Amino acid sequence: MVSSQVIRGCIEQLRAITRIEFCVQDTAGNMVAQTEGAETPDRNMVTGFALSAVDSQIVGSSYYLKVMDDEELAFILIAQGNYEYTFMIAKVAVGELENLIVAYKEKFDRNNFFQNLLLDNLLLVDIHNRSKKLHIANSVRRAIMIFEIEAESEPIAAEMLSGLFTVQNGDYLTEVDENSVILVKSLEEQESYDVLEEVAKTAVDMLNMEAMVKVRSAYGTIVGELKDLSRSYKEAKMAMDVGRIFYAGKRVISYNELGIGRLIYQLPPSLCRMFIREIFGSDEPVEFDHEILSTIDNFFENNLNVSETARQLFVHRNTLVYRIEKLQKSTGLDIRTFEDAMTLKIALMVSAYMRELDRR
Amino acid sequence: MASLSLENVCKVYPNGYQAVQNFNMEIADKEFIIFVGPSGCGKSTTLRMIAGLEDISSGTFKIDGKVMNDVEPKDRDIAMVFQNYALYPHMTVYDNMAFGLKLRKVPKDEIDKAVKDAARILDLTHLLDRKPKALSGGQRQRVAMGRAIVRSPKVFLMDEPLSNLDAKLRVQMRTEIAKLHQRLGTTIIYVTHDQTEAMTLGTRIVVMKDGIVQQIDSPQNLYDKPNNLFVAGFMGSPQMNFIDATARVAGGKAYLDVEGQSIELPADKAKAIIDGNYNGKQVTFGIRPENIIEVKGNKEAPYAFESTVNVYELLGAEVFLYFDLGSANITARVEPTTKVRPGDTVKYTFDTKKIHIFDKETEKTIAN
């Protein structure tokens with residue numbers, strides 16, 4: 001429904017142009033919005049007018065008019081001003097308000113449509129009928145992008161995103177929970193994942209700079225029809241979860257680039273626990289100190305090159321070899337060989353996943 | 001007015017990866033600090049910890065003596081300009097700059113003053129009514145900066161703000177940022193991987209690698225007195241030449257033996273070799289391209305090397321010659337009047353006062 005703030009903005013603009021003061025009240029005579037110089041009308045007069053069959057009424061220098069919403073009375077508009085054009089302007093104001101009601105209703109309907117679409121709550125036939133009614137093209141390339149905003153209920157972030165992504169460009173913003181904003185991003189024929197990556201990075205940087213909030217973004221694959229958007233949404237959600245566990249340093253995560261993390265995420269926890277026990281026994285990676293974890297990480301990043309890793313860690317080669325052998329003693333894995341390095345890499349990722357499951 | 005203090009600041013991600021290790025630094029008010037280093041070195045992570053966009057794993061960060069570790073980003077009185085910026089396409093320049101303040105319910109007259117002041121500083125006054133599509137790349141970047149300036153923060157944080165611009169515009173905007181620092185008189189921390197930007201803008205530069213601070217110093221000192229081989233190689237373009245050599249001490253003097261020739265070291269460098277017991281040991285000897293001297297005609301020199309020039313590059317005011325000395329690829333910066341061309345043999349010597357010597361194993365500086 002159209003908010004009182006929007007109604008106030010509308011009547012203030014009219015007052016600035018015409019010098020006529022306005023009040024807008026609901027059918028029970030409660031004040032919804034009024035311009036700065038407007039006098040508050042008598043409540044009984046307003047409710048009496050609301051119940052009457054007439055469309056308009058003149059009381060002293062005030063004009064009472066009805067604002068309709070699809071043949072139902074929505075508001076009473078009172079225009080106050082001793083000008084010959086007061087009634088005419090009041091009619092214009094009624095027209096404006098009725099248009100606003102229609103626009104906001106449509107906006108709400110769109111929001112509702114996209115929310116249900118993403119959550120798989122619509123039948124195929126409903127998607128077809130409702131999208132047609134709401135003038136939403138069906139066969140357009142789109143992808144879902146989620147922005148997870150850390151600061152609790154930060155309205156500035158959502159408003160900034162709505163400034164960047166507009167319905168006119170075919171984009172749509174909605175929310176299905178408190179901490180995230182969902183962007184339905186439409187794409188041109190030649191645009192691909194590099195564009196999505198750029199859009200996500202730009203939006204994250206913008207929210208960091210302007211709203212000063214911690215944000216992470218994830219996006220799903222590009223789909224060609226409305227009915228497939230829920231898949232893109234599920235992928236984006238998974239990318240967000242998998243990214244949080246395995247790629248904590250990344251602020252933008254693409255479903256297409258989750259790699260082995262996605263595979264691990266989909267494994268049953270019992271299987272993961274069994275695997276961890278097989279590899280580490282009782283000495284789980286959480287027991288490893290930062291030094292050994294950092295050594296392993298660097299060693300993998302340098303493609304198992306001892307000299308380069310030692311150089312980067314500013315340690316003597318022998319120190320690094322000693323650390324690797326110490327790890328071998330506790331795990332039985334010699335990470336200088338590809339097989340064992342791969343096993344440890346997967347085991348560490350599975351272990352990170354288990355920790356996340358325990359945390360939840 | 002803002003002074004910043006970072007004490008043993010570390011960032012460790014949940015998977016154990018240590019992105020920043022024991023970052024220690026005091027930043028005085030109005031300083032222009034540059035964080036520089038290759039990608040993945042932890043410079044942006046440090047900046048984001050200062051902004052509050054990343055949690056600090058351990059250590060303390062203070063602004064004006066007040067601990068900021070748990071203070072929300074919006075309450076730190078800082079403003080940020082990042083690499084990716086977007087302007088609201090349907091808003092004018094004025095509205096783009098005012099939008100953030102409007103959302104924060106700042107009174108209209110205060111917004112108006114802040115926007116007009118920022119526009120004057122950034123020379124955008126005549127563009128305030130334009131929409132973003134009618135602006136050039138540089139003008140858009142200035143609007144993005146304007147959005148940070150209108151907040152009148154104590155500290156500006158900039159993360160590679162110029163990296164999306166073309167080369168010409170980058171140079172132009174670099175100058176603009178330097179001017180901006182003078183006009184605003186606030187503390188700026190600027191992240192870049194471009195060492196030219198670092199050298200030209202910073203009052204002090206922090207060189208980082210693998211999450212570890214390598215050196216904090218003035219641009220000149222970093223160039224002249226690098227702490228280690230990494231800093232020596234990272235600062236300067238073309239980069240410093242590195243040549244394997246053997247240190248030798250004889251008769252109270254020290255020499256570097258390179259490709260069958262002996263280079264006698266000046267007294268201060270000789271002392272470092274002798275005191276550090278480097279006699280007979282392998283060291284890395286570094287020389288900047290401009291400290292390689294072409295020996296013309298039959299001029300005498302205590303030692304001289306001869307190499308065949310592989311590549312000749314004329315840059316107008318200077319010429320770069322590329323040749324090999326043993327297994328090392330050498331770049332020399334010489335006068336544009338040189339007659340040497342690819343295939344010619346060039347005779348050259350080194351300015352021994354400008355030689356840098358590094359420990360081969362630890363890569364730390366022995367003498368500058």
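This is a predicted model: local features need pLDDT of at least 70, side-chain atom pairs count only at pLDDT 80 or more; totals for chains, interfaces and linings use all residues.
Q: Let's begin with sheets. In what order do the four strands of the open sheet in chain B stand?

A: The general idea is that strands of a sheet pair through backbone hydrogen bonds, either parallel or antiparallel. Here the order is 2-1-4-5 in chain B, and the pairing is antiparallel. Strand 2 (18-27) and strand 5 (66-67) of chain B stand at the edges with a single partner strand each, so one side of each has no neighbour in the sheet.

Q: How many bridges join strand 4 of chain B to strand 5 of chain B?

A: Two bridges link strand 4 (residues 58-63) of chain B with strand 5 of chain B, and these strands run antiparallel.

Q: Now for hairpins. Which residue in the turn between strand 11 and strand 12 of chain B has a positive phi?

A: Follow one strand into the next and look at the residues that link them. Strand 11 and strand 12 of chain B form a hairpin with two residues between them, and G251(B) in that turn has a positive phi of about 55 degrees. The two strands pair in the antiparallel sense over five bridges, with R248(B) facing its bridge partner Y255(B) in strand 12 of chain B.

Q: And where does the chain go from strand 12 of chain B? Which strand forms a hairpin with it, with E259(B) in the turn?

A: That is strand 13 of chain B; again two residues lie between the strands, and E259(B) in the turn has a positive phi of about 45 degrees. Strand 12 (residues 253-258) and strand 13 (residues 261-264) of chain B are antiparallel and share four bridges.

Q: What should I look for in the backbone angles of loops?

A: Now for the exceptions. N277(B) is not a glycine, yet its phi is positive, about 55 degrees; N277(B) lies in the loop between helix 9 (267-275) and strand 14 (282-287) of chain B. E363(B) has a positive phi near 65 degrees and is found in the loop between strand 20 (356-359) and strand 21 (365-367) of chain B.

Q: Is N277(B) buried or exposed? And E363(B), buried or exposed?

A: N277(B) counts as exposed because its relative accessibility is 57%. E363(B) counts as buried, at 14% relative accessibility.

Q: Which residues does the cis peptide bond join?

A: The bond joins S237(B) and P238(B), with omega at about -5 degrees. P238(B) sits in the loop between helix 8 (229-234) and strand 11 (241-250) of chain B.

Q: Finally, which residues gather in the patch of positive charge on the surface?

A: Look for K296(B), K299(B), K339(B) and R341(B). Of these, K339(B) lies in the loop between strand 18 (328-334) and strand 19 (345-350) of chain B, and at 70% relative accessibility K339(B) counts as exposed.

Notes. Residues are numbered from 1 along each chain as its sequence is written. Chains are lettered from A and ligands numbered from 1 in the order in which they are written. Side-chain values use heavy atoms; hydrogens and water are left out. Two strands pair if DSSP finds at least two bridges between them. Buried means under 20% relative accessible area, exposed over 50%, partly exposed in between (1.4 Å probe, protein chains only). Patches are made of residues with over 30% relative accessible area and no salt bridge: like charges are joined within 9 Å, nonpolar side chains (Val, Leu, Ile, Met, Phe, Trp, Tyr) within 5 Å. Accessible areas come from the Shrake-Rupley method with a 1.4 Å probe; for residues, only the protein chains shown count as cover. A salt bridge is a side-chain nitrogen of Lys or Arg within 4 Å of a carboxyl oxygen of Asp or Glu. Lys and Arg count as positive and Asp and Glu as negative; His and the chain ends are not counted. The place of a charge is taken as NZ of Lys, CZ of Arg, CG of Asp or CD of Glu.
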